[in-house]
Amino acid sequence: TCALPISQIAICALLVTSSLVAVRGMQRSLYGEFGFEPRQTLIANTVLTMAGYSGAQLPIIEKRLVEGAQTIPGLQAVGLVNYPPLSESEESSNVFAENTPDLNPRNAAAMAVKYSISPNYFRAAGTRLLSGRGFSWHDDEAAPRVAIVNHEFAARLFGGHALGRHYRMADGALVEVVGIAEDGKYVSLTEAPQPAMFLPVLQAPAGMMSLVIRSNRDPD
């Protein structure tokens with residue numbers, strides 16, 4: 001007769017323990033290392049092509065968007081990115097060692113998540129720049145091609161020593177690494193570390209952009 005109550009107590013203890021583990025896992029997910037800081041951040045999506053902008057107009061209006069948002073009082077940082085972290089969409093591209101003679105996909109050194117970002121995007125997103133420099137508005141189409149890559153990208157392509165090194169994009173463009181950013185979560189919170197590269201928005205404009213705003217003010 002005692003077997004049933006004992007079994008019920010054991011099952012209840014198991015359920016309570018499982019619930020605590022689940023809650024702790026959720027807490028780790030909410031306050032873990034994402035490579036970005038979601039708190040005190042507002043994201044506004046824009047589709048510039050639907051507003052009639054295309055081609056050479058895109059870099060102009062993208063810069064104007066950031067400069068206009070920066071005039072709002074109380075903002076700490078404003079940046080643009082084509083796909084915010086953990087969005088449903090993301091873009092990846094094969095990347096190659098500098099001296100790869102044949103840019104066939106089977107010769108790629110890695111497949112990397114690719115982002116177009118404006119100056120100050122890392123500050124707005126709360127992403128740490130580990131070494132090197134961030135972008136400026138001088139990193140435009142007339143300037144040499146540059147990129148900021150994450151730690152995982154630097155490790156896979158260059159054994160960690162990436163600053164000042166070059167790699168090739170799938171179109172053959174030679175790109176210099178000018179900064180190293182911390183690793184992050186790009187598609188899923190459960191994903192394994194993967195290479196990521198960040199390109200200046202003026203060198204890689206996109207018709208769909210997200211305005212990332214960091215502020216202590218009420219979002220409304």
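Trainee: Which residue forms a salt bridge with Arg128?
Mentor: This is a predicted model, in which local features need pLDDT of at least 70 and side-chain atom pairs count only at pLDDT 80 or more, while totals for chains, interfaces and linings use all residues. Residues are numbered from 1 along each chain as its sequence is written, and side-chain values use heavy atoms, with hydrogens and water left out. A salt bridge here is a side-chain nitrogen of Lys or Arg within 4 Å of a carboxyl oxygen of Asp or Glu. For Arg128 the closest N and O atoms are 3.0 Å apart, and the partner is Glu182.

Trainee: How many residues apart are Arg128 and Glu182?
Mentor: Helices (H or I, at least four residues) and strands (E, at least two) are DSSP runs numbered from the N terminus. Arg128 lies in the loop between helix 3 (121-125) and strand 5 (129-132), whereas Glu182 lies in the loop between strand 8 and strand 9, and the separation of these distant parts of the chain is 54 residues.

Trainee: Is Glu182 buried or exposed?
Mentor: Buried means under 20% relative accessible area, exposed over 50%, and partly exposed in between, with a 1.4 Å probe and protein chains only. Arg128, at 49%, is partly exposed. Glu182 has a relative accessibility of 7%, so Glu182 counts as buried.

Trainee: How many salt bridges does the structure hold?
Mentor: Another pair, besides those above, is Arg133 with Asp139, at 3.0 Å, N to O. In that pair Arg133 is partly exposed at 34%, whereas Asp139 is buried at 7%. For the structure, the number of salt bridges is five.

Trainee: Which residue follows helix 4?
Mentor: Helix 4 covers residues 151-158, and Glu152, Phe153, Ala154, Leu157 and Phe158 are buried there. Taking contact as heavy atoms within 4.5 Å, these buried residues pack against strand 3 (91-97), strand 4 (110-117), strand 6 (146-150), strand 7 (166-169), strand 8 (174-181) and strand 9 (196-200). The residue after helix 4 has a positive phi, near 65°, and is Gly159.
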